[in-house]
Amino acid sequence: MIKKIVRSNEFVTFLIIVVLSLVIGMVNPTFFSISTVFDVLRASNVYAIMAFGLLLVVILGGVDVSFVAIAAVASYGTHMLMLKLGYQGGIGLYFLIAAAIGISAGLLTSFLLAKFDLPIFDLSLALLTMWYGFSLFFLGATANFEMPEGMVGYYSEYIMTVKDPYVGQSGLHVSFIYVVVIGLLIWLLLKYTTIGRGIYAIGGNREVAIRSGYNVKTILFVVFPLVGLLASIAGITQSGYQRNFSPTLFIGQNLDVLAAVILGGASIHGGRGTVIGTYLGVILVQLINRALILTGIPVEWQEFTVGVVLVLFTALPAIRARQAKRIGHTTELMELEEV
């Protein structure tokens with residue numbers, strides 16, 4: 001059991017997080033503080049929410065890049081609607097309306113995939129452009145900084161706060177609760193439901209899964225509305241953080257989320273991935289970005305560094321599989337020689 005855990009991608013990711021944290025702390029001692037932990041968690045929250053949705057698609061054997069555009073159109077569309085209605089309440093109603101938009105967008109994706117048997121990546125690339133274009137053309141082309149009275153203080157709604165000698169007061173944002181609840185629900189879905197087992201089965205071998213009785217269309221109509229729902233929650237949360245709503249929210253950041261999912265141990269070919277690993281992958285990406293900043297390395301190196309780490313993590317399963325195959329082949333030869 002322990003040997004299996006140590007050899008897992010999740011453990012490797014955790015180990016890298018620990019080592020990287022120690023290195024950053026030695027270079028810049030201000031890193032070792034509760035405020036830094038809260039800052040990393042805050043920066044990770046919206047990416048983790050989106051990553052949990054994308055994890056389902058990756059396990060299914062596909063890659064979706066359109067979820068960021070769904071987040072943008074759901075959050076920006078909700079905001080523009082509420083402004084017209086003169087809404088001055090809290091963020092709760094924003095979440096409900098955005099969720100309806102996100103689920104509807106996910107249902108459209110599911111319908112097109114099921115009806116025309118399209119490749120997930122190809123369709124998502126088209127929808128990425130379509131949703132951003134829809135937002136810019138029909139809703140508005142500029143960020144809106146007018147916030148309802150009930151949402152003004154959302155960016156500083158903390159579960160708990162601490163005083164730091166370097167940055168002053170900081171806190172654990174309430175959105176961390178969203179991450180915990182959503183992560184738990186996705187974990188339960190994958191581990192204890194027929195739909196979850198079907199997602200793994202289809203990603204592992206689609207034809208075998210179909211012969212085993214799993215309904216691919218039904219699973220598509222569960223996965224992509226969930227992706228849309230989680231994207232919309234992330235969109236509203238991020239807009240609340242930055243105190244404005246943008247029609248191009250998260251543009252270009254879908255690959256960062258995908259990188260986090262892969263770094264967390266999910267296979268790009270499908271059939272493998274965990275919630276814990278995905279969350280660790282998100283934390284690792286955020287730590288890499290902060291490591292470069294705190295050590296004085298130019299921001300331009302962030303994407304390059306994440307890319308290098310991603311290449312290594314993508315190659316690691318292939319190297320392990322090759323070694324296992326080689327060991328198995330050697331064992332067979334030894335058995336034949338004994339005979």
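**Entry 1. Ground rules**

I number residues from 1 along each chain as its sequence is written; side-chain values rest on heavy atoms, with hydrogens and water left out. The model being predicted, I take local features only at pLDDT of at least 70 and side-chain atom pairs only at pLDDT 80 or more, while totals for chains, interfaces and linings use all residues.

**Entry 2. Helix α6**

I looked up α6 (120-139), with helices read as DSSP runs (H or I, at least four residues) and numbered from the N terminus. α6 has 20 residues and spans 27 Å from its first C-alpha to its last, close to the expected 28 Å. The expected span is 1.5 Å times one less than the number of residues.

Which residues of α6 are buried? I list I120, L123, S124, L127, L128, W131, Y132 and S135. They sit on the same side of α6, because the arc they cover around the axis is only 155 degrees. That arc is taken from the directions from the helix axis to the C-beta atoms. Buried here means under 20% relative accessible area, exposed means over 50%, and partly exposed is in between (1.4 Å probe, protein chains only).

The face turned away from the buried side carries the exposed residues T129 and F137. The buried residues of α6 pack against α3, α4 (67-85), α5, α10 and α11. Contact is counted when heavy atoms lie within 4.5 Å.

I then checked S135, a residue of α6. S135 counts as buried because its relative accessibility is 0%. Leaving out residues up to four places away in sequence, S135 touches V73, Y76, G140 and P247. G140 follows α6 and has a positive phi, near 155 degrees.

**Entry 3. Two positive phi values outside glycine**

I noted D117, which is not a glycine and has a positive phi near 50 degrees. D117 is in the loop between α5 (92-116) and α6. Is D117 buried or exposed? D117 counts as exposed, at 60% relative accessibility.

F250 is also not a glycine and has a positive phi, about 65 degrees. F250 lies in the loop between α10 (216-242) and α11 (254-263). At 4% relative accessibility, F250 counts as buried. Apart from neighbours within four places in sequence, F250 is in contact with V46, M50, V68, A71, Y132, A234, G235 and Q238.

**Entry 4. Nonpolar core**

I looked up the largest nonpolar core and found 95 residues in it. Helix α3 (residues 34-60) supplies the largest share of this core, 17 residues. A nonpolar core is a set of buried Ala, Val, Leu, Ile, Met, Phe, Trp, Tyr and Cys residues joined through side-chain atoms within 4.5 Å. F52, L60, V223 and F250 are the residues with the most contacts inside the core.

**Entry 5. Salt bridge**

How many salt bridges are there? I count one, the rule being a side-chain nitrogen of Lys or Arg within 4 Å of a carboxyl oxygen of Asp or Glu. The side chains of R290 and D39 form a salt bridge at 3.0 Å, N to O. R290 belongs to helix α12 (residues 275-294) and D39 to helix α3, so the pair ties together parts 251 residues apart in sequence. R290 is buried, with a relative accessible area of 18%, whereas D39 is partly exposed at 37%.

**Entry 6. Aromatic pairs**

I found nine aromatic pairs in the structure. Rings of Phe, Tyr and Trp (its six-membered ring) pair if their centres lie within 6.5 Å; planes under 30 degrees apart are stacked, over 60 edge-to-face, and the rest tilted.

Y47 and F250 make an edge-to-face pair, 6.4 Å centre to centre with 65 degrees between the planes. Y47 lies in helix α3 and F250 in the loop between α10 and α11, so this pair ties together parts 203 residues apart in sequence. Y47 counts as buried, at 17% relative accessibility.

The rings of Y94 and F245 have centres 5.5 Å apart and planes at 40 degrees, so that pair is tilted. Y94 is in helix α5 and F245 in the loop between α10 and α11, so the parts tied together are 151 residues apart in sequence. Y94 counts as buried at 0% relative accessibility, and F245 counts as buried at 0% too.

I also noted a cluster in which ring pairs link W131, F134, F137 and F138.
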